[in-house]
Amino acid sequence: MTTGSPAEKSASRGKRADAQRNREAVLAAAAEVFATSGVDAPIRQISAQAGVGMATIYRHFPTRADLITAVYRHQIEACAEAGPNLLAGADRPLDALREWVDLFVAFLVTKHGLADALHSDQDRFTALHDYFLDRLLPVCAELLDAAVEAGDIQPGTQPYELLRGIGNLCIGHDHDPRYDPRRMIALLLAGLQQPHAS
């Protein structure tokens with residue numbers, strides 16, 4: 001078995017790093033394009049935004065469903081990773097919870113069309129929903145527990161019901177310019193607070 005020269009190994013690592021950078025660029029571009037134009041936006045628009053050729057996109061994501069799934073998994077992961085970081089850097093757990101909810105809402109309001117786009121692949125959509133819950137429920141629980149322990153919010157709110165409530169408040173935002181889900185979510189969070197918390 002040949003292991004390759006140091007130069008070949010270095011070139012291989014460089015190609016892998018380039019491929020990873022291209023993949024990250026495509027995911028970031030697709031997330032932006034999906035947010036403004038929906039998940040049916042032309043691939044060439046994503047290609048132009050990412051600064052890569054369309055062949056690069058299809059090499060990483062052979063179908064639109066592959067790309068859509070990867071974008072939302074990537075965003076779920078970013079939201080999950082943000083929770084502990086916000087908690088570690090905030091003055092109060094309540095501040096971390098508010099900031100994390102803002103990120104969660106930003107994720108929700110940019111995923112219009114996801115269900116329709118993956119409707120023909122119910123298994124894929126179900127797996128993505130399960131991943132969403134598996135990754136985000138523990139993060140939400142950690143933030144809620146910290147805020148309760150600090151005396152900022154009342155005990156008893158379950159992570160699932162909070163995420164579900166926020167999700168329900170986001171429904172229809174893109175069809176009615178008079179409706180701002182963030183204002184209603186701020187009222188929801190205010191309702192969880194202990195009287196002395198602000």
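**Packing around helix 5**

Student: Let's jump in. At what angle do helix 5 and helix 7 pack, and how far apart are their axes?
Tutor: Helix 5 and helix 7 pack at an angle of about 155°, and their axes lie 8 Å apart. Axes here are lines fitted to C-alpha atoms, for helices over the stretch in contact, with angles running from 0 to 180 degrees between N-to-C directions. Helices are DSSP runs of H or I, at least four residues long, and strands are E runs of at least two, numbered from the N terminus.

Student: Are helix 5 and helix 7 roughly parallel or roughly antiparallel?
Tutor: Helix 5 and helix 7 are roughly antiparallel to each other. The cut-offs are under 35 degrees for roughly parallel, over 145 for roughly antiparallel and 65 to 115 for roughly perpendicular, with the rest oblique.

Student: Which residues meet there?
Tutor: On the helix 5 side, P93, L94, A96, L97, W100, F104, F107 and L108 take part, meeting F132, L136, V139, C140, L143, L144, A146 and A147 in helix 7. Contact means heavy atoms within 4.5 Å. By class, that contact has 16 nonpolar residues, no polar ones and no charged ones. Ala, Val, Leu, Ile, Met, Phe, Trp, Tyr, Cys and Pro count as nonpolar, Asp, Glu, Lys and Arg as charged, and the others, Gly among them, as polar.

Student: Wait, what kind of model is this?
Tutor: It's a predicted model, where local features need pLDDT of at least 70 and side-chain atom pairs count only at pLDDT 80 or more, while totals for chains, interfaces and linings use all residues. Residues are numbered from 1 along each chain as its sequence is written, and side-chain values use heavy atoms, leaving out hydrogens and water.

Student: Back to helix 5. How many residues does it have?
Tutor: Helix 5 covers residues 93–109, which is 17 residues, and reaches 24 Å from its first C-alpha to its last. That is close to the 24 Å expected at 1.5 Å a residue, where the expected span is 1.5 Å times one less than the number of residues.

Student: Which of its residues are buried?
Tutor: In helix 5, P93, L94, A96, L97, W100, V101, F104, V105, F107, L108 and V109 are buried. Buried means under 20% relative accessible area, exposed over 50%, and partly exposed in between, using a 1.4 Å probe and protein chains only.

Student: And what covers them?
Tutor: The cover includes helix 4 (64–89), helix 7 (122–149), helix 8 (159–170) and helix 9 (181–192).

Student: How does helix 4 sit against helix 5?
Tutor: They pack at an angle of about 170°, with axes 9 Å apart. That makes helix 4 roughly antiparallel to helix 5. The contact involves Y72, Q75, I76, C79, A82, G83, L86 and L87 of helix 4, plus P93, A96, E99, W100, L103, F104 and F107 of helix 5. By class, there are 12 nonpolar, two polar and one charged residues.

Student: What about helix 7 and helix 8?
Tutor: Their angle is about 110°, with axes 9 Å apart, so helix 7 and helix 8 are roughly perpendicular to each other.

Student: New topic: where is A31?
Tutor: A31 is in helix 1 (residues 6–37), and counts as buried at 16% relative accessibility. Leaving aside neighbours within four places in sequence, A31 is in contact with V71 and Q75.

Student: Last one: how many helices and strands does the protein have?
Tutor: Nine helices and zero strands. Of its 198 residues, 36% count as buried.
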